[in-house]
Amino acid sequence: MQTHLKYRVISSSITILAIESSCDETSASVCKDGKIASNFIANQSVHEQYGGVVPELASRAHMQNIVPVVQQALSAANCQLSSINAIAFTQAPGLIGSLLVGAQFAKSMALSLHVPLIGVHHMQAHVLANLIMEPSPSFPFLCLTVSGGHTQIVLARSPLDLEVIGETIDDAAGEAFDKTAKLLGLPYPGGPLIDQYAKTGNPKAFSFAEPKIPELNFSFSGLKTSVLYFLQKQQPGFIQDHLPDLCASIQFTIVNILIKKLKLAVQQTGIKQVCIAGGVSANSGLRQALKDAGQKHGWQTYVPSFEYCTDNAAMIAITAYHKYLQKDFVDLDAGPSARAIW
Ligand code: KG4
Ligand code: ZN
């Protein structure tokens, strides 16, 4: 059933309330005329004891968090409900139960406020998180998007014209961090902990095989196996005695794989404006390596601030702002989708 509504006409400035609930962060953000006015994120610690996100628990936690998080975002932005021009939500991809909570909440608000609803692709939003910062990249630019579920090189021609020109054929870079961290006995999510321990370790202490994957695609499943076989050959107590060196060497390998493909993407496209995005873009080794590569090869590099790297609603809001300008709205019967075609 198609649900067409007459929208309420609001003032000439554009205020958007955005909701992100694709995985285990409940987040709300208010964006006014393309500038982020607030961004609140509630993390879900309930998953730590299980070593990964438990979908059922994530949905329940979203149900508990969504009202307070939205209220905080509205009040921090000094935003009245009557001034909202559109409601945006993460439509795909993600955990279906988690997406449903955000989608239903957004629909209810859009329906009651008589404003349009904007469905946002989570991975597109990660890329456009780079537009929040000043200075921001101009188009066209390349973006390496590295998260817990995705690893992509994206060619962005304009805010809504993005093309994936390379991606992983198996694990994502975030999974490579989390799975190798698990082998080291670190809790989930292990990526930030590897980053932490790597700071005092020697990145050349141990070497792990890098995959030989053609063109701009990636593979990370072999790294996990290579670390597993390496650890199986060691004496008891080896991990405890060498944790910083192990973390630094694993991080060095992952970052190397990523930066090599970025270099190839620059060579192939001739585009020298290069961004990173997604949870793994919070990694200090990757941030430094991008900066170094930029200086060495004459690229202009952009890195979102930490709060816009991992999942957040500000990136949904900025994407929704560009969709609003194009009147790119969805009907109220639009469903979320666990997997989404770009
Ligand atoms: O983008 P994100 O918050 O959620 C997804 O959409 O997946 O990314 C989460 C991923 C996790 O794998 C986490 O371990 C990784 O980002 N991550 C990091 C760091 N911070 C988050 N990996 C390495 N170093 C970090 N500092
Ligand atoms: Zn994400």
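This is a predicted model: local features need pLDDT of at least 70, side-chain atom pairs count only at pLDDT 80 or more; totals for chains, interfaces and linings use all residues.
S98 belongs to helix α2, which spans residues 96–113, and is buried at a relative accessible area of 0%.

**Nonpolar cores**

- The largest nonpolar core holds 45 residues, and the members that touch the most others are L144, I254, L258 and L286.
- Two or more residues of this core come from each of the strands β6 (141–146), β7 (151–158) and β9 (273–277), and from each of the helices α4 (173–183), α5 (191–198), α6 (221–232), α7 (238–269) and α8 (284–297).
- Helix α7 is the leading contributor to this core, giving 14 residues.
- A separate core of 31 residues lies apart from the largest one, and its members include I16, A88, I118 and Y302.
- L258 is in contact with L144, V146, T151, A173, F218, F220 and L286, once its neighbours within four places in sequence are left aside.

- The axes of α4 and α7 come within 11 Å of each other and cross at roughly 165°.
- Because angles over 145 degrees count as roughly antiparallel, α4 and α7 are assigned to that class.
- The α4 and α7 crossing is right-handed.
- On the α4 side of this contact are A173, A176, F177, T180 and L183, which meet I239, I250, Q251, I254 and L258 of α7.
- For α7 and α8, the axes come within 10 Å and the crossing angle is roughly 35°.
- The crossing of α7 with α8 is right-handed.
- Here α7 supplies Q251, V255, L258, I259, L262 and K263, while α8 supplies S284, G285, L286, A289, L290, A293 and H297.

**Cysteines**

- A disulfide is a covalent bond between the sulfur atoms of two cysteines.
- The whole structure contains zero disulfides.
- For C79, the closest cysteine sulfur is that of C31 at 11 Å, which is too far for a bond.
- C79 is buried, with a relative accessible area of 8%.
- C275 is also in no disulfide, and the nearest cysteine sulfur, in C143, is 5.3 Å away.
- C275 is buried, with a relative accessible area of 0%.

**Selected residues in and beside helices**

- D171 sits in the loop between β8 (161–167) and α4, and is buried at a relative accessible area of 9%.
- With neighbours within four places in sequence left aside, D171 is in contact with K179, F220, S221 and K224.
- D171 and G222 are 51 residues apart along the chain, and their C-alpha atoms are separated by 9.2 Å.
- Q288 is part of helix α8, where it is partly exposed at a relative accessible area of 41%.
- Q288 and K212 are 76 residues apart along the chain, with 24 Å between their C-alpha atoms.

**Backbone geometry**

- Most residues other than glycine have a negative phi, and most peptide bonds are trans.
- A92 and P93 are joined by a cis peptide bond with an omega of about -15°, and P93 lies in the loop between β4 (86–92) and α2.
- N78 is not a glycine, yet has a positive phi of about 55°.
- N78 is located in the loop between α1 (55–76) and β4, and is exposed at 61% relative accessibility.
- H114, likewise not a glycine, has a positive phi of about 60°.
- H114 falls in the loop between α2 and β5 (117–121), and is partly exposed at 40% relative accessibility.

Terms used: Residues are numbered from 1 along each chain as its sequence is written. Chains are lettered from A and ligands numbered from 1 in the order in which they are written. Side-chain values use heavy atoms; hydrogens and water are left out. A nonpolar core is a set of buried Ala, Val, Leu, Ile, Met, Phe, Trp, Tyr and Cys residues joined through side-chain atoms within 4.5 Å. Buried means under 20% relative accessible area, exposed over 50%, partly exposed in between (1.4 Å probe, protein chains only). Helices (H or I, at least four residues) and strands (E, at least two) are DSSP runs, numbered from the N terminus. Contact means heavy atoms within 4.5 Å. A disulfide is a pair of cysteine sulfur atoms within 2.5 Å. Axes are lines fitted to C-alpha atoms, for helices over the stretch in contact, and angles run from 0 to 180 degrees between N-to-C directions. Angles under 35 degrees count as roughly parallel, over 145 as roughly antiparallel, 65 to 115 as roughly perpendicular and the rest as oblique. A crossing is left-handed if the near helix is turned anticlockwise from the far one by less than a right angle, and right-handed if clockwise.
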